[in-house]
Amino acid sequence: MSDIDRITQDALEAIAAAGTLDELDEVRVRVTGKRSELAGIQASMRDLDPEGRKALGQQLNAFRGTFQAAFDARHEALAAAALDAQLESERLDLTAPPRRLPPGRPHLLTQVEQEMLDVFVGMGYRVAEGPEAESGTYNFDLLNIEADHPARQEMDTIYVDGFDDVVLRTHTSPVQARVMTTQAPPIAVVCPGRTYRADAADATHSPVFSQVEGLVVAEGITMADLRGTLLEFSRRMFGADREIRLRPSFFPFTEPSAEVDVSFEGAGGNHGWLEILGSGMVDPNVLAFCGIDPDRYTGFAFGIGIERVAMLRHQVRDIRDLFDADARFLARF
Ligand code: PHE
């Protein structure tokens, strides 16, 4: 067997044995590189006579053809295998079980607020919002709350330091004043939002709470409209068989004013009334202050504590549970 035959046989075996593209390349360098046996044989060609040179040249050409064909075939196979391995390693298993993340949901107060707004929007009201840091003009003056009214005293109202006459709104009624000073009747709005009072926190009080207040101003609005609206609201929120009763009350911005109770049937035939909101006919002074003609228009207003509705509906005993952000409590709703 000639040297070339032996080199050919070695090279084909080494090519077949190469397991990676890198190993294959090492074979190429070792068999055909500058310091290979083959390079030595090629260099010796110039010492041969023309006959011998021609014979060796043919042998070398045959070797190159055989080597290149084997090399290319192996290269193709190894490249395909490498691609398969890469695709396999990057494969996404679409049948793998998902990581379990507990689903989130709106806070109970947000849920109740949305339900309350839905009831009124369904009756044709529009939603109006205003700032939580509010001027005394909107929070008090336009609402007929005089300077010496107890609601204005420091113990109830949180004043904003460094500003003249800016308070954290004590109710969302200032939004009603903003609507009345900028829009002409007929008006039907509900005003949701946070409100603030300098109260110490206990089971039924929180210095931050939230309200949905409502306002309707148009020609010929009467207390009967107020009663019908609040009865519909109570039945939608608390149950179709509920009744309401209006008790005389006082608010500076309504005359007459009424506190509204909703009936309940408890366990064991236990029944009674629960206070849910304050309301009344908009005081003619308030209409006039806000630029609406009190001889032509009348209106009613009501203010509902969202926490109170949430607590009554879901038997929450302590208002602080609504603000503590304890996931175990919140997960119940
Ligand atoms: N603004 C009153 C409060 O916060 C509630 C209310 C609104 C009462 C509208 C009557 C009419 O207590």
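## Strand β5 and its partners

Strands β5 and β6 run antiparallel and are joined by 10 bridges, where two strands count as paired if DSSP finds at least two bridges between them. Within this pairing, I187 stands opposite V217 in β6. Helices (H or I, at least four residues) and strands (E, at least two) are DSSP runs, numbered from the N terminus. The model is a predicted one, in which local features need pLDDT of at least 70 and side-chain atom pairs count only at pLDDT 80 or more, while totals for chains, interfaces and linings use all residues. Residues are numbered from 1 along each chain as its sequence is written, and side-chain values use heavy atoms, with hydrogens and water left out.

β5 also pairs with β1, here in the parallel sense and over two bridges, and the bridge partner of V127 in β5 is V190. β5 is mostly covered, since eight of its 10 residues are buried; buried means under 20% relative accessible area, exposed means over 50%, and partly exposed lies in between, with a 1.4 Å probe and protein chains only. A188, which has its place in β5, is partly exposed, with a relative accessible area of 26%. Leaving aside neighbours within four places in sequence, A188 is in contact (heavy atoms within 4.5 Å) with G124, Y125, R126, L215 and V216. The C-alpha atoms of A188 and T137, which are 51 residues apart along the chain, are separated by 22 Å.

## The seven-stranded sheet

β5 and β6 belong to an open sheet of seven strands in the order β1-β5-β6-β10-β9-β8-β7, with mixed pairing. β1 (126-127) and β7 (244-251) stand at the edges with a single partner strand each, so one side of each is left without a neighbour in the sheet. Strand β8 (residues 254-265) pairs with strand β9 (residues 271-282) in the antiparallel sense over 10 bridges, and E259 stands opposite G278 in β9.

Helix α5 (residues 108-122) packs on the sheet, where it touches β1, β5 (187-196), β6 (208-218) and β10 (298-305), and its direction makes about 165 degrees with that of β5. Helix α8 (residues 223-238) lies across β7, β8, β9 and β10 and runs at about 140 degrees to β9. For these angles, axes are lines fitted to C-alpha atoms, for helices over the stretch in contact, and the angles run from 0 to 180 degrees between N-to-C directions.

The expected span of a helix is 1.5 Å times one less than its number of residues. At 1.5 Å a residue, the 15 residues of α5 should span 21 Å, which agrees with the 21 Å between its end C-alpha atoms. The residues L108, L109, V112, M116, L117, V119 and F120 of α5 are buried. Seen down the axis of α5, the buried residues fall within an arc of 165 degrees, so they line one face of the helix; the arc is that of the directions from the helix axis to the C-beta atoms. These buried residues pack against β1, β5, β6, α8, β10 and α10 (306-314). α5 is followed by G124, whose phi is positive, near 100 degrees.

Helix α7 (residues 173-182) is largely enclosed by the rest of the structure, because seven of its 10 residues are buried. The buried residues are S173, P174, V175, Q176, A177, V179 and M180, and they pack against β2 (133-135), α6 (136-139), β5, β6, α9 (284-289) and β10.

## Salt bridges

Side chains of opposite charge can pair when their charged atoms come close. A salt bridge is here a side-chain nitrogen of Lys or Arg within 4 Å of a carboxyl oxygen of Asp or Glu, and by this rule the count comes to 15 salt bridges. One of them links R6 with D3, the closest N and O atoms being 3.4 Å apart; both residues lie in helix α1 (residues 3-17), three residues apart, about one turn of the helix. R6 counts as partly exposed at 30% relative accessibility, and D3 counts as partly exposed at 42%.

D25 forms a salt bridge with R28, with the closest N and O atoms 3.1 Å apart, and the two are separated by about one helical turn because they are three residues apart in helix α2 (residues 21-32). The side chains of R320 and D318 also meet in a salt bridge (2.9 Å, N to O), in which R320 is partly exposed, with a relative accessible area of 34%, whereas D318 counts as buried at 18% relative accessibility. Salt bridges that share partners join R245, R247, E259, D261 and E275 into one network.
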